[in-house]
Amino acid sequence: MQATTPVTKRVVYDDDVVRAFSLATIIWGAVGMLVGVLVATQMSFWQANLGLSWTTFGRLRPLHTNAVIFAFVGNMMFAGVYYSTQRLLKTRMASDLLSWVHFWGWQAIIVGAAVTFPLGLTQGKEYAELIWPLDLLVVLVWVAFAVNFFWTLARRNERNLYVAIWFYISTIITIAVLYIVNNLQLPTSLTHSYSIFTGVQDALVQWWYGHNAVAFFLTTPILGIMYYFLPKAAGRPVYSYRLSIVHFWSLIFLYIWAGPHHLLYTALPDWAQTMGMIFSVMLWAPSWGGMLNGLLTLRGAWDKLRTDPIIKFYIVAVTFYGMSTFEGPLLSIKSVSALGHYTDWIIGHVHGGALGWNGFMAFGMLYWMVPRLWGTQLKSVRLAEVHFWIATFGILLYVVAMWISGVSQGLFWRALDAEGFLKYPDFIEGLIASRFMYQMRLIGGLAYFAGALLMVGNLWATIRSGRRTTVEIEVQGYAHDGPGFWALMRGAPVLYSLAVIVLSLVLFFSGTLGSAIALAGFGVLVIAGALSIGAEKSRRSWHDLIEGHSLAFTVLVLVAILVGGLVEIVPLVVAKKDVPAQVAHADSVWAAKGEYVFVQMPYSPLEVEGRDIYVREGCYVCHSQMIRPFRHETLRYGEYSRATEFIYDTPFQWGSKRTGPDLHREGGKYANVWHYLHLIDPRSTSPGSNMPPYAHLKTHPVDLGGTAGKLRVLRKLGVPYDEAEIAGATATARAQGGLIVADLATQGITVASDSELVALISYLQRLGRGPQPVAAVPVAVAAREVSR
Amino acid sequence: MDVLMITVFVSLLLVVGGLVLFFVRQRAGDFDHGDRLSLLPLADDPQGDPVPDVKPQEP
């Protein structure tokens, strides 16, 4: 496929698709930030939920995150990839058709998300909320992108792949792996499905995906863009190509392991937590190596920082990258996570990354690229300067407000008095104390959004003043003179790296003898390596050769990113049968006196429906279901959470933020009437709450006709429903609803037994304890429990 | 305490191994080919000299 003899060619770049992605970036960026401003307003003023089901915080928050990540940064990334790839490889994209399939397919996905999220159609997993038909579309579009990209690599007219291309390769490969695995699911209808993973497994797979969506969607492609566009804007080559080699390989190898740092002190096995923490801390080195490589690219040209707003955007972006990648590993240290997790500190951290790093890179790239794509000058450099300062003020105000709010929350939650009891037992006090910082956050977000609107106007005027350009160049192909695939795979770095990986696995997963052998093996490797220094002499180095062989390079990237995922996920999947379904009474939190009891019985049909409503409304974006083993948490919420309690939970609902209190032991804590009043008007039971009202649940009936189908799918996933339970699902649900309705009636409240409100109450009352009375089948349940 | 010793030992071994690998590859010239490649972004198309819009030719 690669050219074998040098021939002169004329190449016309396909910049139409770059222009399309650039425009989409501008439009969706404004939309995503507008929704961000709205949800920030809702945090300060609950009335901004507008009293509509489809504009509640729980539904709009996924719209905001997906719009910013996949619509704004996604389109920006594709614009940068298409622009730079063609120029670095000196060839047009291999297929115009696939480029446009990619563009329009991606926009269709975004529109699909914009429609489905407000309707409450979601998988309930953060950053993976898209329903399964849209997931399929994502995979198809990604495949079109990948085929086009790798086809272009094969047709290139430049022998070596520049460092930006490496980062693009890692993005395409890794996102494909992550997205497919995390979205394995069984549909129950056209718009609903259950993840095939449950409980702890689901949590690990989700955060393996979630963390690496940050790594390989928001970081590696943007680093590729940095390595291309920053030198262009600065007019200087990258500071150190050598450093970029170390940066790339260490970053992609280490990043994939870090996912479990989102689950510190949870029910995830401790070894996986520790591994996530250690690899996160190790990420400091490559991340800062990359940051310094970007910053030092300006050596000798720092004067541009005074006059060029594009350079200003880039430098602040890279600085925010450094800050975020310092803060991330810091938050991954267990003792720091104990303070920061579930608080606004995390919100500040991710916005420093998304708005500071991704947003400023996008602004810089657009200000640089749009005038060139339309053959004109930027309409107003002064306005770009104003944008820069407004956006910088906005993001700093945002991040600092969230730092203060987050650290305050962490300290507030853990504060104990002299007797060792909670100093602030009422959760709502902390929320009320955060309100001022939420308002500061809103002002910061508004400033950032206002700056983005200035950019929209400036770029629109720029486009209007120019016309589309076409770039045509003359190039020579290159003579493919390197070794073949297998020869490269036998190179010393590959063999050395594989040996280190294998020995590490033996060291950590074998007994004493295996560990001793592994340590001896390490010693042999080090000595052999030291002896071989200077021994290998060739015309072209191994990395030079591998840069010239796109297939070999891609395979090595795949191996590098697979190791971490396999080591962390496979043991947990294999260990599924080792999670006990029953424990002794001493470990039970609800059982009456007795012998062994089932810690987790399947949810009743009505509780399944209630849980789906909980997922649909996005309750998990503000409420966790994971009580960590700290005194202050067990005092506030009850017994700490155990892995066994989640074996039938799909999707898991541990959450990652506590704007409201943890709900894992919510069952039985309050009467049905409390939940009724709380859901209809949260401030009637919790003065000062910013939770949206859910009065609409009272009038919406549950579609009980589909409940049996859901139980059937859950049974395929391992939940032990028998045929009688499935056949009687509707009647059982109505009967259980009837019990709750009868209880509410004693308080003078009238509500239908099949209303969504009743179903949700049944689920909330089940949380953290065993089966609740279900009028129609108590005998069947009891019989089955006894038979076990 | 035993765990600490083993952890320190393994960590040092990995650090030494990493340094050895780095110097092996440096002596083998793995980092010496980048001078031309680092200039690629600066010389990829005729910036500032856009040509009038024409129908692109199929490659």
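A: Happy to. Please keep in mind that this is a predicted model. In it, H1(A) passes H16(A) in a left-handed crossing. To find the pair on your screen, look for residues 16-44 and residues 427-465 of chain A; the two helices pack at an angle of about 160°, with 9 Å between their axes. Angles over 145 degrees count as roughly antiparallel, and H1(A) and H16(A) are therefore roughly antiparallel to each other. The residues that make this contact fall into 16 nonpolar, 6 polar and 2 charged.

For contrast, turn to another helix pair in chain A. Helix H22 (residues 605-616) and helix H30 (residues 756-766) of chain A pack at about 100°, with their axes 7 Å apart. That angle makes H22(A) roughly perpendicular to H30(A). On the H22(A) side, the contact residues are Leu606(A), Glu607(A), Glu609(A), Gly610(A), Arg611(A), Ile613(A) and Tyr614(A). Facing them from H30(A) are Glu756(A), Ala759(A), Leu760(A), Ser762(A), Tyr763(A) and Arg766(A). Sorted by class, this contact of H22(A) with H30(A) holds 6 nonpolar, 2 polar and 5 charged residues.

Next, a helix with a bend. Helix H14 (residues 344-373) of chain A bends by about 30°, and the bend is at Gly359(A). H14(A) is largely enclosed by the rest of the structure, because 29 of its 30 residues are buried. In the loop between helix H13 (334-340) and H14 of chain A sits Tyr342(A), which has a positive phi of about 70° without being a glycine. Tyr342(A) has 23 other C-beta atoms within 10 Å, so it is buried. Just after H14(A), Gly375(A) also takes a positive phi, of about 60°.

Why point these out? Most residues other than glycine have a negative phi, and most peptide bonds are trans. Another tyrosine to check is Tyr127(A), where phi is near 65°. Tyr127(A) belongs to the loop between helix H3 (96-116) and helix H4 (132-154) of chain A. It counts as partly exposed, because it has 19 C-beta neighbours inside 10 Å. For the peptide bond, go to Thr650(A) and Pro651(A): the bond from the threonine to the proline is cis, with omega near -5°. Pro651(A) is in the loop between helix H23 (631-637) and helix H24 (672-680) of chain A.

Two leucines in loops are also worth a click. Leu704(A) lies in the loop between helix H26 (696-699) and helix H27 (707-716) of chain A. It counts as buried, because 20 C-beta neighbours lie inside 10 Å. Leaving out residues up to four places away in sequence, Leu704(A) touches Thr730(A), Ala733(A), Arg734(A) and Asp754(A). Leu97(A) is 607 residues from Leu704(A) in sequence, and the two are 45 Å apart in space, C-alpha to C-alpha. Leu190(A), in turn, has its place in the loop between strand E2 (185-187) and strand E3 (193-195) of chain A. With 10 other C-beta atoms within 10 Å, Leu190(A) is exposed. From Leu190(A) to Arg490(A) there are 300 residues in sequence and 48 Å in space, C-alpha to C-alpha.

Finally, bring the second chain into view. Chain B has 2 helices and 0 strands, and 24% of its 59 residues are buried. Where the chains meet, 43 residues of chain A are in contact with 32 residues of chain B. Several elements of chain A give two or more residues to this side, among them strand E1 (8-12), helix H2 (57-89), helix H7 (220-234), helix H8 (241-255) and strand E4 (472-476). Helix H18 (492-509), helix H19 (512-531) and helix H20 (542-547) of chain A are on that list too. H19(A) gives the most, with 5 residues. By class, the side of chain A that touches chain B has 21 nonpolar, 10 polar and 12 charged residues.

Notes:
Residues numbered from 1 in each chain as written. Chains lettered and ligands numbered in written order. Predicted model: local features only at pLDDT ≥ 70, side-chain atom pairs only at ≥ 80, totals over all residues. Axes fitted to C-alpha atoms, helices over the stretch in contact; angles between N-to-C directions. Helix = DSSP H or I, 4+ residues; strand = E, 2+ residues; numbered from the N terminus. Parallel < 35°, antiparallel > 145°, perpendicular 65-115°, else oblique. Left-handed = near helix turned anticlockwise from the far one by under 90°. Nonpolar A, V, L, I, M, F, W, Y, C, P; charged D, E, K, R; others polar. Contact = placed C-beta atoms within 7 Å. Buried ≥ 20, exposed ≤ 12 C-beta atoms within 10 Å, placed from the backbone. Bend = angle between axes of the 7 residues up to and from the residue.
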